[in-house]
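Subject: Structure handover

Hello,

Here is the structure I promised. Please open it alongside this email, as my notes follow below.

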Amino acid sequence: MEVEAINVADAAVGDRVQIAIESKTLLSAAFLLYVLPIVAMAIGAAIGDDLGPKMGYDATLTSIVLGMGAFAAAFCIVRWYANRKASGNAYRPRITRIVETAARVADTSSSSSSPKCPYPA
């Protein structure tokens with residue numbers, strides 16, 4: 001698996017490394033991606049349910065249309081925000097330590113015919 005990360009451990013290409021991301025960063029990204037669109041959809045549906053009859057439309061139909069519209073708008077906002085933040089280092093994981101160097105990885109993979117677990121125990 002390839003991930004673009006900040007190399008604070010001075011790892012070389014081919015090294016097996018441990019990466020970390022701050023809990024605050026992970027939770028805020030998860031909130032933005034999963035919770036915000038659902039909350040927006042619920043608010044849009046509630047507004048549609050209230051506004052529909054006042055404007056002479058079916059409450060269920062306006063609730064569905066405004067709910068889905070708010071859901072789509074929230075995803076667009078999340079995408080815009082993510083693209084803006086992608087240029088910085090706030091949401092990038094960091095390489096915290098080198099698990100195996102590239103030379104050792106090459107030695108163990110060529111000398112053994114049995115597959116090994118790529119993750120350290």
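Predicted model: local features only at pLDDT ≥ 70, side-chain atom pairs only at ≥ 80, totals over all residues.

N7 stands opposite I95, a residue in strand 3. Strand 1 and strand 3 (residues 94-100) run in the parallel sense and pair over two bridges.

As a general point, strands of a sheet pair through backbone hydrogen bonds, either parallel or antiparallel.

The overall layout
The protein has three helices and three strands. Along the sequence the pattern reads β-β-α-α-β-α. There are 121 residues in the protein, and buried ones make up 16% of them. Now take the contacts with a separation of 6 or more: 75% of these join residues 24 or more positions apart.

T62
Is T62 buried or exposed? T62 is buried, because its relative accessible area is 15% and the cut-off for buried is under 20%. The residue lies in helix 2. The side chain of T62 reaches the backbone oxygen of A59, at 3.1 Å. Set aside the neighbours within four places in sequence, and T62 is in contact with G48, D49, G52 and Y57.

The second largest pocket
The second largest pocket has a volume of about 320 Å³. Its lining counts 17 residues. Nearest the centre of this pocket lie A29, L32, A82, K85 and Y91. Which elements give two or more residues to the lining of the second largest pocket? They are helix 1 (23-55) and helix 2 (59-86). Helix 1 provides the largest share of the lining, with six residues. By type, the lining of this pocket divides into 13 nonpolar residues, one polar and three charged.

Where to look
One is N7, with I95 opposite in strand 3. The other is T62 in helix 2, with its side chain reaching the backbone oxygen of A59.

Best wishes

Terms used:
Residues numbered from 1 in each chain as written. Heavy atoms only, no water. 1 Å grid on protein atoms, 1.4 Å probe; cavity = no way out; pocket = protein on both sides within 12 Å on 5 of 7 lines; lining within 4 Å. Points joined across faces, edges and corners; volume = space filled by probe spheres on them. Helix = DSSP H or I, 4+ residues; strand = E, 2+ residues; numbered from the N terminus. Nonpolar A, V, L, I, M, F, W, Y, C, P; charged D, E, K, R; others polar. Pairing = 2+ DSSP bridges. Buried < 20%, exposed > 50% of the residue type's maximum accessible area, 1.4 Å probe, protein only. Polar contact = N/O pair within 3.5 Å; in protein donor to acceptor, adjacent residues only side chain to side chain. Contact = heavy atoms within 4.5 Å.
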